[in-house]
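Have the model open alongside as you read.

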Amino acid sequence: MTQSLLDAVTIDTGTVPQRTVIWLHGLGADGHDFAPIVPELGLEDMPPIRFIFPHAGVMPVTINNGMAMRAWYDILGFNGTAREDDVGIHHSQAAVEALIAQEKARGVPARHIVLAGFSQGCAMTLQVGLRHAERLGGLIALSGYLPLRQTLAAERSPANADVPILQAHGTQDPVVAIQRAETSRALLEELGYHVEWHTYPMPHSVCAQEIAEIGTFLKRVLA
């Protein structure tokens, strides 16, 4: 059975892009959430880039009293010790892989594809990007954490052992505690990944300085 493609907001910065950024939203948001960020990234001098902002499916979310909302997977508890929804994570992993495959079929090489994500989308970015069979351009991990970390060492792809990773977090984040992000960063570094780490005095959000640094990172890895 072929994986059906997620609906998405798509923004091309020019004609026939040969570079792609797939940007995954957080819990309860949708692909429109980060679309306004594109003009703020300062990429005017770059070759054309296609930004894809997919919408996660709608599902009941345990921590929100079973309310149905857009989510990449169910969340059973707020702390890092709660059981993880590995079935949901793997289902969304396949959906993101299908988007990568679509871009490769359009002629964009894997090395010109960057995965980015915020919060739950950050978790999916790390889940997919570190396991993808071909070297990607980079991973942008915002205000989130490393999911299914017990299986990463066995499942990670040698092709992405040196993938550039930008990880950023707010020091006042009440949703995903910065300690959880720091633990994720330490685990990545123990496995030999190079992580460019930034913190900002903000809650569970993004800020102007962070957007500027994301733009700088994209210019470097997609040059």
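Start with the sheet. Seven strands make up an open sheet, ordered S1-S3-S2-S6-S7-S8-S9, and their pairing is mixed. Its edges are strand S1 (8–12) and strand S9 (195–200), each of which pairs on one side only. Ignoring direction, neighbouring strands of this sheet are turned by 15° against each other on average. Bear in mind throughout that this is a predicted model.

Now zoom in on one pairing. Strand S2 (residues 19–24) and strand S6 (residues 113–118) run parallel and are joined by five bridges. Within that pair, Ile 22 stands opposite Leu 115 in S6. Helix H1 (residues 86–105) packs on the sheet, where it touches S2, strand S3 (49–54) and S6. The direction of H1 makes about 150° with that of S6. Helix H4 (residues 178–190) packs on the sheet as well, touching strand S8 (165–170) and S9, and its direction makes about 170° with that of S9.

**The whole chain**

Stepping back, the protein has five helices and nine strands. From the N terminus on, the elements run β-β-β-β-β-α-β-α-β-α-β-α-β-α. The radius of gyration is 16 Å, close to the 17 Å that the globule rule gives for 223 residues, so the protein is as compact as a globular protein of that length. Along its principal axes, the C-alpha trace spans about 45 × 45 × 35 Å. Of the 223 residues, 51% count as buried. If you take the contacts with a separation of 6 or more, 73% of them come from residues 24 or more positions apart.

**What's packed inside**

In soluble globular proteins, nonpolar side chains tend to be buried together. Here the largest nonpolar core holds 34 residues, and the ones touching the most other members are Ile 22, Tyr 73, Leu 115, Leu 126, Leu 130, Leu 139 and Leu 188. Two of those names, Ile 22 and Leu 115, are the residues that stand opposite each other in the sheet. S2, H1, S6, H2 and strand S7 (138–142) are the elements that give two or more residues to this core. H2 gives the most, with five residues.

Beyond its neighbours within four places in sequence, Leu 130 is in contact with residues including Leu 139, Leu 146, Leu 152, Val 163, Ile 165, Leu 188 and Tyr 193. Arg 156 and Ser 157 are also among its contacts. Apart from this core lies another one, of 28 residues, with Leu 43, Val 114, Tyr 200 and Val 221 among them.

Is Gln 127, a polar residue, buried or exposed? Gln 127 counts as buried, because its relative accessibility is 0%. Its place is in helix H2 (residues 120–129). Leaving aside neighbours within four places in sequence, Gln 127 is in contact with Ile 89, His 90, Gln 93, Pro 147 and Leu 148. Gln 127 and Arg 156 are 29 residues apart in sequence, while their C-alpha atoms are 9.0 Å apart in space.

**Charged pairs**

Side chains of opposite charge can pair when their charged atoms come close. The count here comes to eight salt bridges, and these are three of them:

| Pair | N to O distance |
|---|---|
| Glu 103 and Arg 50 | 2.8 Å |
| Arg 135 and Asp 162 | 2.9 Å |
| Glu 189 and Arg 185 | 3.4 Å |

Take Glu 103 and Arg 50, whose side chains meet in a salt bridge.

Arg 135 sits in the loop between H2 and S7 and Asp 162 in the loop between helix H3 (149–155) and S8, so the pair ties together parts that are 27 residues apart in sequence. Arg 135 counts as buried at 15% relative accessibility, whereas Asp 162 is exposed at 52%.

Glu 189 and Arg 185 are about one helical turn apart, because they are four residues apart in helix H4. Glu 189 counts as partly exposed at 36%, and Arg 185 is partly exposed at 26%.

Terms used. Residues are numbered from 1 along each chain as its sequence is written. This is a predicted model: local features need pLDDT of at least 70, side-chain atom pairs count only at pLDDT 80 or more; totals for chains, interfaces and linings use all residues. Side-chain values use heavy atoms; hydrogens and water are left out. Buried means under 20% relative accessible area, exposed over 50%, partly exposed in between (1.4 Å probe, protein chains only). Contact means heavy atoms within 4.5 Å. Two strands pair if DSSP finds at least two bridges between them. Axes are lines fitted to C-alpha atoms, for helices over the stretch in contact, and angles run from 0 to 180 degrees between N-to-C directions. A nonpolar core is a set of buried Ala, Val, Leu, Ile, Met, Phe, Trp, Tyr and Cys residues joined through side-chain atoms within 4.5 Å. A salt bridge is a side-chain nitrogen of Lys or Arg within 4 Å of a carboxyl oxygen of Asp or Glu. The radius of gyration is taken over C-alpha atoms; the globule rule is 2.2 Å times the number of residues to the power 0.38.
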